[in-house]
Amino acid sequence: MEKVLMKGNEALAEAAMRAGCKCFFGYPITPQTEISAYLSKNMAKRGGVFLQAESEVAAINMVLGAASAGVRAMTSSSSPGISLKSEGVSYIAASDLPCVIVNVQRGGPGLGGIQPSQSDYFQATKALGHGDFKMIVYAPASVQETIDMTYLAFDSADKFRTPVMILSDGLLGQMMEPVVFPDVDVKIPDKPWACCGHENKRSHNIINSLFLQPDVLEKSVNERFERYEIIERTCKMAETDFCEDAEIVVAAFGASARVAKSAVNAARAKGIKAGLFRPQTLVPFPVEQLNKACEKAKCVLSVEMNKGQMVEDLRLALGCRLPVEFFGRHGGIIPSVKEVLGQIEQIHERIK
Amino acid sequence: MEIGRNSVIMLTGDYGCGKTNLAVNLALRLAEKGKTSIVDMDTVNPYFRSADFGELFSARGINAVFPQYANTNLDIPVLNFDLESVISDSDFTIIDVGGSDAGAYPVGRYESLFKSLGEKLEMLYVFNMYRLCERSADKVAETLCEIESACRLKCTGLVNNSNLGAETTPSVIAQSAEFAEKVAEKTGLPIKFTCVTENEKTDETHLPVSRLVTLPWETEREYD
């Protein structure tokens, strides 16, 4: 296995193809463009389909179609484009179809800006679309992890027949780091439910999200939530650093976790007992891992590139037993290590 | 590589090969010898670009020429500068072109200006063996052809900028020598220089390059 230097976006695109993705449908938007550009050049060479749709709405419905046929399918966009896909994502969830949706976040609301942001945490974790449904959300924090989570996303999507989101951001998508592509034998599970031709050997499969009888709809939603319980039990992932004796736990996901990690290291160098908690899955939220990381904590600081979104999940996960403070920057501005260290020092002064 | 007065050094290559890092390094080096301009001609990628180094350039007396909307939230590819006067007013001009053929198209607009420069123009093709998109000499040659066609100009030489970002060591670079020779053979172009790590012992075919294009959490090492 050899090291190569990759951009987050192209690494994701390459990993998707290696993970068996055969269909990509998308519509251009900054800062996710390299994903589409890379796949437009390479997908056909590897026996797959790249199609630039006429809109985000068309792209997500093409994903629905490909997923119905049992094919590993993906779409990617950046924040405003993801909003446009929301209705289709709800239909995909209701149809119990696996697919991967990538959001390379930029600033919002509205057209916002093209610089990095994490302001779609709420959208990704609470309601990417109408109705009662959930979606596994992976939050990578490096180019290597972007690759690893792309494989994982396709596997989880197939395993639980659910849409899965990779929540990246402009910085993770554009930055370059040395990476290794894992040497894995991709096994795509059988999909007996797929509409891929019955050859007169079985009855028709039907992919559907419309139920004429209320009790049938309720039953289908309940069955789906039984799968969500398995996801809750088995899919949570988090990284912790220096949390064994940490009095201040800095919580951050994605690119801001890299800043937070440097700030925690700098705080430790000054003798402050700081630790890092980084959820790798945002749905399901790693509640147990957080509580364990906070065993010695007196205060939690959430660092985000938004106005304070994950901070609410931290409070819920901790049952409000600890103060959870927030520091964030917005508009495409990345919090600096110095700023975060300053916040840690202020908390340290208050709690000692 | 000898860089004479009134030279124009244009850096082209696939995206991610390290053009910007090299452009900034060259600008800082040449600024010690004469009036230097750096032109950010990237209309494709809004992140990690020469325009990020505005403060450094002004501190070193480098004339920095950026697209009007670089580093704003406007994704508008406008080049609104008079390149001819930038070149004629400078001892050295470095042109940081956008990545791949998509990024190289704006160069084509200045075809007649660049052709009028004759031998004063060095149009260099920068490659990095450690990029997945540049893993064979054939691939490098293919992208070079696409870029030349987008620019409507022919490259005059190659730069071996093989590196692994923060994990670059002298041995990482040394391992690329054989690959570089293959690229030279395939393209029929000379290797003008090889980028090496800072402070490395070098001859005239080596150019020590510092890693200036870094990630936000790497740049601040002094916290007091």
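Visitor: What covers the buried residues of H4(B)?
Guide: In this predicted model, the cover includes helix H2 (33-42) of chain A. From chain B it includes strands E1 (7-13), E2 (36-41) and E4 (92-97), along with helices H5 (111-116) and H6 (137-151).

Visitor: Why is helix H4 of chain B called largely enclosed by the rest of the structure?
Guide: A residue counts as buried under 20% relative accessible area. Seven of the ten residues of H4(B), residues 100-109, are buried, so the helix is largely enclosed.

Visitor: Which residues of H4(B) are buried?
Guide: They are Ser100(B), Asp101(B), Gly103(B), Ala104(B), Pro106(B), Val107(B) and Gly108(B).

Visitor: In what order do the five strands of the open sheet in chain A stand?
Guide: The order is E9-E11-E10-E13-E14, with mixed pairing.

Visitor: Why do strand E9 and strand E14 of chain A stand at the edges?
Guide: Strand E9 (238-241) and strand E14 (324-328) each have a single partner strand, so one side of each is left without a neighbour in the sheet.

Visitor: What makes strand E10 and strand E13 of chain A a pair?
Guide: Two strands pair if there are at least two bridges between them. E10 (residues 248-251) and E13 (residues 299-304) of chain A have four bridges, in the parallel sense. Ala251(A) stands opposite Ser302(A) in E13(A).

Visitor: How do you know that helix H11 of chain A packs on the sheet?
Guide: Contact means heavy atoms within 4.5 Å. Helix H11 (residues 310-317) touches E10, E11 (274-279), E13 and E14 of chain A, and its direction makes about 155° with that of E13(A).

Visitor: Which strands does helix H12 of chain A lie across?
Guide: Helix H12 (residues 337-351) lies across E10, E11, E13 and E14 of chain A, at about 165° to E13(A).

Technical notes: Residues are numbered from 1 along each chain as its sequence is written. Chains are lettered from A and ligands numbered from 1 in the order in which they are written. This is a predicted model: local features need pLDDT of at least 70, side-chain atom pairs count only at pLDDT 80 or more; totals for chains, interfaces and linings use all residues. Side-chain values use heavy atoms; hydrogens and water are left out. Helices (H or I, at least four residues) and strands (E, at least two) are DSSP runs, numbered from the N terminus. Axes are lines fitted to C-alpha atoms, for helices over the stretch in contact, and angles run from 0 to 180 degrees between N-to-C directions. Buried means under 20% relative accessible area, exposed over 50%, partly exposed in between (1.4 Å probe, protein chains only).
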